[in-house]
Amino acid sequence: MPDSITAKMTNEIGEALSNIFLSGEVDKVEVLYAKFFNLLRNEPTVRTMLPLSPTGIEDPDDETFTLTSVDGKLSVEREKVKAPDAKEIENDVIFDQPPETILNSMLPLYLNSQILSILFDAQASELGSRMTAMKAATDNADELAKILNLVYNKKRQAAITQEICEISSGAMAVDEANSGSIKPLGIFDTEDSITDEFLQEIESGNVPDRPLAPEEEMEMAR
């Protein structure tokens with residue numbers, strides 16, 4: 001779809017359609033286009049262009065719309081135009097040309113106007129679909145950015161907390177070492193393993209010669 005639709009373009013399309021119809025290459029010309037309803041809705045529509053239907057001339061029930069911008073957002077101004085009432089032709093009206101000649105001049109103009117209306121419908125539908133797609137993509141990108149920012153902040157907070165814990169533990173260990181409250185332990189000893197109760201078990205001979213497996217410990221506890 002071109003950016004701008006002109007009457008010259010519709011005249012060329014109308015002339016090409018008329019030539020293939022009048023030459024007998026086709027017996028009907030139909031156009032499939034996206035009929036515009038609003039920015040969120042358009043429907044595929046099939047419309048017969050040739051042969052012309054008198055219903056379309058007598059009762060067009062046309063809608064005119066204008067794409068505008070309100071507060072930086074695309075909007076549409078719609079106006080429905082009802083078919084005008086037929087007027088009686090006065091008896092003293094004299095046509096300079098035969099009715100056939102006048103009709104043959106008017107029908108191409110009517111066909112071109114219908115083509116122009118279809119092109120505007122299709123262009124408005126395309127612009128509305130593009131705007132909807134871009135808005136959905138922008139909303140998804142914003143939501144993804146919020147999620148990634150939240151995950152990043154959680155990871156950063158966890159890393160900072162871990163560093164603080166490590167620094168605090170190191171500082172406490174240095175303070176205890178400097179105060180002399182820490183006694184040297186064996187290779188497999190810990191602060192909690194050397195107790196009075198453990199020493200009594202060693203003296204009584206209840207301590208096994210080798211470390212027990214968890215299932216052996218549970219068996220002894222029974």
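Which residue lies over the face of Phe 37, and at what distance from the ring centre? Arg 41 does, at 4.0 Å from the ring centre. Before we dig in: this is a predicted model, where local features need pLDDT of at least 70 and side-chain atom pairs count only at pLDDT 80 or more, while totals for chains, interfaces and linings use all residues. Residues are numbered from 1 along each chain as its sequence is written, and side-chain values use heavy atoms, with hydrogens and water left out.

**Exercise 1. Look around the ring of Phe 37 and find the charges over it.**

Step 1: A charge sits over a ring if NZ of Lys or CZ of Arg is within 6 Å of the ring centre and within 35 degrees of the ring normal.

**Exercise 2. Follow Arg 41 to its salt-bridge partner, then look at two other salt bridges.**

Step 1: a salt bridge here is a side-chain nitrogen of Lys or Arg within 4 Å of a carboxyl oxygen of Asp or Glu. Searching the whole structure turns up four of them.

Step 2: Arg 41 meets Glu 43 in one, at 2.6 Å from N to O. For exposure, buried means under 20% relative accessible area, exposed over 50%, and partly exposed in between (1.4 Å probe, protein chains only). Arg 41 is partly exposed at 38%, and Glu 43 is partly exposed at 33%.

Step 3: Lys 28 bridges to Glu 30, with the closest N and O atoms 3.9 Å apart. Lys 28 is partly exposed at 44%, and so is Glu 30 at 47%.

Step 4: Lys 135 pairs up with Asp 139, and their closest N and O atoms are 3.2 Å apart. Both belong to helix H3 (residues 99-179); they are four residues apart, so about one helical turn separates them. (Helices, H or I with at least four residues, and strands, E with at least two, are DSSP runs numbered from the N terminus.) Lys 135 is exposed at 54%, whereas Asp 139 is partly exposed at 39%.

**Exercise 3. Work out what makes up the largest nonpolar core.**

Step 1: a nonpolar core is a set of buried Ala, Val, Leu, Ile, Met, Phe, Trp, Tyr and Cys residues joined through side-chain atoms within 4.5 Å.

Step 2: the largest one has ten residues, including Ile 5, Leu 17, Val 29, Leu 50 and Ile 115. Strand E1 (29-38), strand E2 (41-50) and H3 each give two or more residues to this core. H3 supplies the largest share, four residues.

Step 3: zoom in on Leu 17. Setting aside neighbours within four places in sequence, Leu 17 is in contact (heavy atoms within 4.5 Å) with Val 29, Leu 50 and Ile 115.

**Exercise 4. Are Ser 125 and Asn 112 buried or exposed, and what do they touch?**

Step 1: Ser 125, found in H3, is buried at 3%. Leaving out neighbours within four places in sequence, Ser 125 is in contact with Ala 34, Lys 35, Phe 36 and Asn 42.

Step 2: the Ser 125 side chain also reaches the backbone oxygen of Asp 121 at 2.9 Å.

Key
Polar contact = N/O pair within 3.5 Å; in protein donor to acceptor, adjacent residues only side chain to side chain.
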